[in-house]
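Have the model open while you read.

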Amino acid sequence: MSYSLCLDRSPHSITVQRITRYPLLIRQVLHYTENETDRQLIEQALQSVERVLNLINEAIREQEGRARLEAVSKNLYVGQGRLDLAKSTGYMGQRKLLREGTLSKYKSGRKLRAFLCNDMIVLTDEAVTRLYKMVWFICASNIQITEIV
């Protein structure tokens with residue numbers, strides 16, 4: 001009997017894996033550091049690493065969101081043309097997928113798939129094969145959704 005193990009050993013994945021471990025390592029060093037000046041420097045290093053990690057995580061989320069919008073766009077048409085959800089918005093910059101989920105209509109119970117972006121909401125059938133409705137956020141003050149709690 002033989003087993004095979006497939007590991008992603010690309011330089012990108014190894015780098016990201018190592019970076020995620022730095023805060024743990026720095027916290028351990030901080031735990032055993034007694035000198036106050038050294039502690040302050042190590043705390044600054046920890047904050048810097050956590051900031052970089054947050055930026056990396058956000059970039060990965062945005063990339064995954066773009067890929068999901070591209071995949072959804074393959075099946076959606078408006079009139080005779082394909083709806084390209086992954087393209088830039090024109091007035092708000094790059095479209096970002098903030099949330100995706102299933103909604104049920106109150107009276108009929110029909111399930112819809114919802115895609116909340118920073119500039120619009122797209123509703124499709126549950127299988128994401130047909131556009132149900134698009135709602136654009138148009139306002140004079142360029143308000144856009146950036147965070148959902």
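## Charges and core

At 30% relative accessibility, Arg68 counts as partly exposed. Keep in mind that this is a predicted model. Arg68 pairs with Glu100 in a salt bridge, with the closest N and O atoms 2.7 Å apart. Since Arg68 sits in helix α2 and Glu100 in strand β3 (residues 97–104), the pair ties together parts that are 32 residues apart in sequence. Glu100, at 29% relative accessibility, is partly exposed too.

Glu100 also forms a salt bridge with Arg113. Put together, Arg68, Glu100 and Arg113 make a network of salt bridges.

Over the whole structure, a search turns up six salt bridges, including these:

| Salt bridge | Closest N and O atoms |
|---|---|
| Arg68 and Glu100 | 2.7 Å |
| Arg113 and Glu100 | 3.1 Å |
| Arg61 and Glu58 | 3.1 Å |

Arg61 and Glu58 stay within helix α2, three residues apart, or about one turn of the helix. Arg61 is partly exposed at 49% relative accessible area, and Glu58 is partly exposed at 34%.

Now for the greasy side. The largest nonpolar core has 11 residues, among them Leu69, Val72, Leu76, Phe115 and Val128. Helix α2 (36–73) and strands β4 (111–117) and β5 (120–125) each supply at least two residues of this core.

What does Val128 touch, leaving aside its neighbours within four places in sequence? Its contacts are Arg68, Val72, Asn75, Arg113 and Phe115.

Technical notes. Residues are numbered from 1 along each chain as its sequence is written. This is a predicted model: local features need pLDDT of at least 70, side-chain atom pairs count only at pLDDT 80 or more; totals for chains, interfaces and linings use all residues. Side-chain values use heavy atoms; hydrogens and water are left out. A nonpolar core is a set of buried Ala, Val, Leu, Ile, Met, Phe, Trp, Tyr and Cys residues joined through side-chain atoms within 4.5 Å. Buried means under 20% relative accessible area, exposed over 50%, partly exposed in between (1.4 Å probe, protein chains only). Helices (H or I, at least four residues) and strands (E, at least two) are DSSP runs, numbered from the N terminus. Contact means heavy atoms within 4.5 Å. A salt bridge is a side-chain nitrogen of Lys or Arg within 4 Å of a carboxyl oxygen of Asp or Glu.
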